[in-house]
Each structure stands twice: as C-alpha cells, then as structure tokens.
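Here is a briefing for a reader who is meeting this structure for the first time. Please look over the sequence and the model before reading the points below.

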Amino acid sequence: MDQSERFFIAHIFFFVALVFLLCAAAVVLKRQRTSWKPMLLAVLPLGLIFMTAYLGKHSPVSHQVLNIFYDGLLIYNAYYFWNIGQVLTFWFYVFAIIATALDFAMHFVIRMM
C-alpha cells in the first residue's frame, strides 16, 4: 500500500466528520441566522477541524490539545442543539462525533499495517 492510499484510508472518517459539520452549519445558518450563539457553535468546530488537521503535521502536541477541545465542543454542541429542539442538527453532531472517533481509531489501525 503506497503513501497516498494510506493517507486516504487514514483520513476518510475525517472527511465524513467534515461533511456532517458542514451540514450542521448549513442547517443552523438556514434556521437561526439571527442568533449569535448557535452560529458561533456551528462555525467554531469547522475552524477547529482545519486547525487540528494543520497542526497534525506541524505540531503533534498542539494537535492533541486542540483536538481534545474540538471533541468536547462536538459533545457540547450535540447537547445544546438537543436542548433547544434542533433534532436534525443534534444528529449531525452525533454522526460527526462518531466519525471523529472512527478517524481516531483508524490512525491506530494504519500504524499497525
């Protein structure tokens, strides 16, 4: 297996999480454009996912610290959107959490290959 195939396999769930985050942000943008808190909660994980991806190659320790904050924010967002009755957005965050966990696990699988 060459390097590009390993990179794609290792990050397929990263892309899945990104799609769910984009879907959640689109729903929040459509439904709650005038409220600042849901908008911030929808945009912040998108910024963090790109920052963690960048830091993964350049600063592994910073990547891990930021990733913990990102994971916590996803869990908080799922809870927040469930509480305000945005069930679709809640499920997008649940699926993003699952994809993020699978991405984490996939990195260990790839190292074993």
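Gln32 counts as buried in this predicted model, because its relative accessibility is 16% and the cut-off for buried is under 20%. Its place is in the loop between H1 and H2. From there, leaving aside residues up to four places away in sequence, Gln32 touches Pro38, Met39, Phe81, Ile84 and Gln86.

**Helix H2 and what covers it**

- Helix H2 takes in residues 36-58, and its 23 residues, at 1.5 Å a residue, should span 33 Å, which agrees with the 32 Å found between its end C-alpha atoms.

**How the helices pack**

- Two packed helices are described by the angle between their axes and by the distance between those axes.
- For H1 and H4, the axes come within 8 Å and cross at roughly 165°, and the two helices are therefore roughly antiparallel to each other.
- The crossing in which H1 passes H4 is left-handed.
- For H2 and H3, the axes come within 9 Å and cross at roughly 155°, which makes H2 roughly antiparallel to H3, as the angle is over 145 degrees.
- H2 likewise passes H3 in a left-handed crossing.

**Aromatic rings**

- How many aromatic pairs does a search of the whole structure find? The search finds 10 of them.
- One of these pairs is Tyr76 with Tyr80, whose ring centres are 6.2 Å apart and whose planes stand at 25°, so the pair is stacked.
- Both of these tyrosines, Tyr76 and Tyr80, lie in helix H3 (residues 60-83), where they are four residues apart, about one turn of the helix.
- An α-helix has 3.6 residues a turn, so residues three or four places apart point the same way.
- Tyr76 counts as partly exposed at 34% relative accessibility, whereas Tyr80 is buried, with a relative accessible area of 14%.
- Trp91 and Phe95 form another aromatic pair, which is tilted, with 5.8 Å from centre to centre and 35° between the planes.
- Because Trp91 and Phe95 are four residues apart in helix H4 (residues 87-112), about one helical turn separates them.
- Trp91 counts as partly exposed at 41% relative accessibility, and Phe95 also counts as partly exposed, at 38%.
- Trp91 and Phe95 belong to one aromatic cluster, which they form with Phe20, Trp82, Phe90 and Phe92.

Key: Residues are numbered from 1 along each chain as its sequence is written. This is a predicted model: local features need pLDDT of at least 70, side-chain atom pairs count only at pLDDT 80 or more; totals for chains, interfaces and linings use all residues. Side-chain values use heavy atoms; hydrogens and water are left out. Rings of Phe, Tyr and Trp (its six-membered ring) pair if their centres lie within 6.5 Å; planes under 30 degrees apart count as stacked, over 60 as edge-to-face and the rest as tilted. Buried means under 20% relative accessible area, exposed over 50%, partly exposed in between (1.4 Å probe, protein chains only). The expected span of a helix is 1.5 Å times one less than its number of residues. Axes are lines fitted to C-alpha atoms, for helices over the stretch in contact, and angles run from 0 to 180 degrees between N-to-C directions. Angles under 35 degrees count as roughly parallel, over 145 as roughly antiparallel, 65 to 115 as roughly perpendicular and the rest as oblique. A crossing is left-handed if the near helix is turned anticlockwise from the far one by less than a right angle, and right-handed if clockwise. Contact means heavy atoms within 4.5 Å.
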